[in-house]
Amino acid sequence: GGDPYIQDIYGSQVISEHPVNDYYRVTDDDFVEGPFSSTSQTGALGISSANLVFSWGDPGGVKGLAVAVGLITPSGYGSSKYAASGSQRYVLVHSEQLIVYPGVGLSYAVNRYFQIGAVFLSGSADIKLNKAARFLAVQGQWHHNEHREGDATFDIHVQDMFMPTGIFGVLSNPTDWLEIGVSVKLPTYIKSSGKAKMAEAPEDNPDSVVKEGQDKIAINLSLPLVVRAGLRYIHPVFDIEVDFVWENWSSLQEVEVVSDLWIESESADINTGFPDTAVPLDYRDTYSVRLGSDVKVLPEHLIVRAGVYWQSSAYPEDNRTFSVFAPFGQQVGLGAGLTWHTSKWLDVNVSYLHVFQQSVTVDHGVVQQMALPVEVTNPDDPEESTFVENGNIINSGEYDVNMNIIALSLEGHF
């Protein structure tokens with residue numbers, strides 16, 4: 001719920017948000033009873049992704065040196081699919097995200113008190129999005145602005161093949177029972193570009209098309225600097241580790257969308273383009289505390305492990321920018337796993353993590369529909385006008401998220 005957001009433009013009022021609990025929508029002919037708000041869910045957030053790493057100890061007979069090469073994928077990326085008619089459709093209907101980091105790593109143990117390592121990564125991103133947009137968002141008619149017959153659906157495909165970053169770390173083993181470690185992951189800047197195509201034209205204006213040659217779009221954002229610090233207590237049968245993680249998400253205040261997407265429609269008298277825009281995020285830095293332990297249940301054969309973590313939310317306190325685009329708030333995670341030493345050549349690792357996330361209510365969202373701009377003329381000066389983004393606010397609502405993550409890995413020794 002909540003009052004509409006009102007913006008004064010030359011004395012007029014552009015009303016951009018409808019009350020969440022309004023259960024009626026309007027067509028061009030009449031009011032029609034029906035659910036204006038709706039519930040939508042996804043059953044699959046994330047896809048299976050493989051990491052492949054090869055490492056060598058003491059290469060060339062250099063004691064204390066280790067070298068690794070591999071291909072890794074970050075957690076939290078994958079696919080999600082929501083109802084095409086759901087109220088979230090202007091943020092996201094379907095996404096497929098693949099981010100991989102080929103890299104090479106080096107480490108050197110000077111002695112037990114000082115070991116240093118670095119990993120150099122060059123990432124690649126392939127991102128596909130499907131979402132709804134509006135051509136004719138009418139000032140003050142927030143019901144009209146979400147009737148299904150006026151929706152256009154777009155497929156967006158962007159890529160960035162060069163995203164350099166790196167990780168640096170230091171490890172110390174001052175006593176037989178204690179390890180201390182610190183690592184820093186550098187920011188990653190994603191400057192992706194590609195094309196958008198109209199997957200489905202609005203029923204109200206079926207002749208709508210994307211102008212030939214003007215279908216380019218770019219999406220720019222960054223992933224944060226991450227600092228980790230940890231202590232590990234070592235016992236012959238078990239260990240206990242506690243970590244603290246700080247992530248500089250406040251460096252990401254918005255997702256920049258640069259558009260060369262031009263729409264033509266005779267029936268709607270449209271011959272204009274979508275403007276460049278910025279999707280607000282207003283992120284804060286996040287903090288995480290993690291606790292875990294490994295136990296040698298059957299020495300030489302079986303290790304069992306368990307852990308728990310708490311992580312703060314990156315969204316602002318009032319959650320005004322929260323949406324299904326990145327539905328991750330304050331979390332508590334519980335996990336367990338095991339390692340089975342099948343032979344001196346092969347280890348099998350299995351783990352499971354359940355993430356509990358605090359429910360989020362957004363009363364006064366700020367994320368707008370993707371809509372063609374509306375020209376507003378200054379009544380005191382007819383020669384003066386400006387274009388405003390007149391789409392509804394579309395992220396207000398209630399969000400419940402939980403995640404189940406299963407991982408399997410094989411570790412070979414040669």
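1. Buried means under 20% relative accessible area. Phe274 has 5% relative accessibility, so Phe274 counts as buried. The model is predicted.

2. The rings of Phe154 and Phe274 have centres 5.9 Å apart and planes at 90 degrees, so the pair is edge-to-face. Phe154 lies in strand β10, and Phe274 in the loop between β17 (270-273) and β18 (277-280), so this pair ties together parts 120 residues apart in sequence.

3. Next, the core. The largest nonpolar core has 49 residues. Phe135, Phe154, Leu261, Ile263, Phe274 and Tyr283 touch the most other members. At least two residues each come from β8, β9 (114-134), β10, β12 (188-200), β13 (209-223), β16 (254-265) and β23 (360-362). β9 gives the most, with 6 residues.

4. Aromatic pairs number 9 in the structure. Phe120 and Phe168 make one that is edge-to-face, at 6.0 Å centre to centre and 85 degrees between the planes. Phe120 sits in strand β9 and Phe168 in strand β10, so the pair joins parts 48 residues apart in sequence. Elsewhere, ring pairs link Trp249, Tyr283, Tyr315, Phe322 and Tyr399 into a cluster.

5. Salt bridges come to 9. Arg89 and Asp151 form one, with the closest N and O atoms 2.5 Å apart. Arg89 is in the loop between β7 (79-81) and β8 (94-111), and Asp151 is in strand β10 (residues 151-175), so the pair ties together parts 62 residues apart in sequence. Arg89 and Asp151 are both buried.

6. Asp151 also bridges to Arg148, the closest N and O atoms being 3.1 Å apart. Arg148 is partly exposed at 34%, whereas Asp151 is buried at 5%. A network of salt bridges links Arg89, Arg134, Arg148 and Asp151.

7. Glu179 forms a salt bridge with Arg232, with the closest N and O atoms 3.0 Å apart. Glu179 belongs to strand β11 (residues 178-185) and Arg232 to strand β14 (residues 226-234), so the bridge ties parts 53 residues apart in sequence. Arg232 is partly exposed, at 25% relative accessibility.

8. Two arginines sit over rings. Arg112 lies over the face of Tyr113, 5.8 Å from the ring centre. Arg290 lies over the face of Tyr309, at 5.7 Å from the ring centre.

Note on methods
Residues are numbered from 1 along each chain as its sequence is written. This is a predicted model: local features need pLDDT of at least 70, side-chain atom pairs count only at pLDDT 80 or more; totals for chains, interfaces and linings use all residues. Side-chain values use heavy atoms; hydrogens and water are left out. A salt bridge is a side-chain nitrogen of Lys or Arg within 4 Å of a carboxyl oxygen of Asp or Glu. Helices (H or I, at least four residues) and strands (E, at least two) are DSSP runs, numbered from the N terminus. Buried means under 20% relative accessible area, exposed over 50%, partly exposed in between (1.4 Å probe, protein chains only). A nonpolar core is a set of buried Ala, Val, Leu, Ile, Met, Phe, Trp, Tyr and Cys residues joined through side-chain atoms within 4.5 Å. Rings of Phe, Tyr and Trp (its six-membered ring) pair if their centres lie within 6.5 Å; planes under 30 degrees apart count as stacked, over 60 as edge-to-face and the rest as tilted. A charge sits over a ring if NZ of Lys or CZ of Arg is within 6 Å of the ring centre and within 35 degrees of the ring normal.
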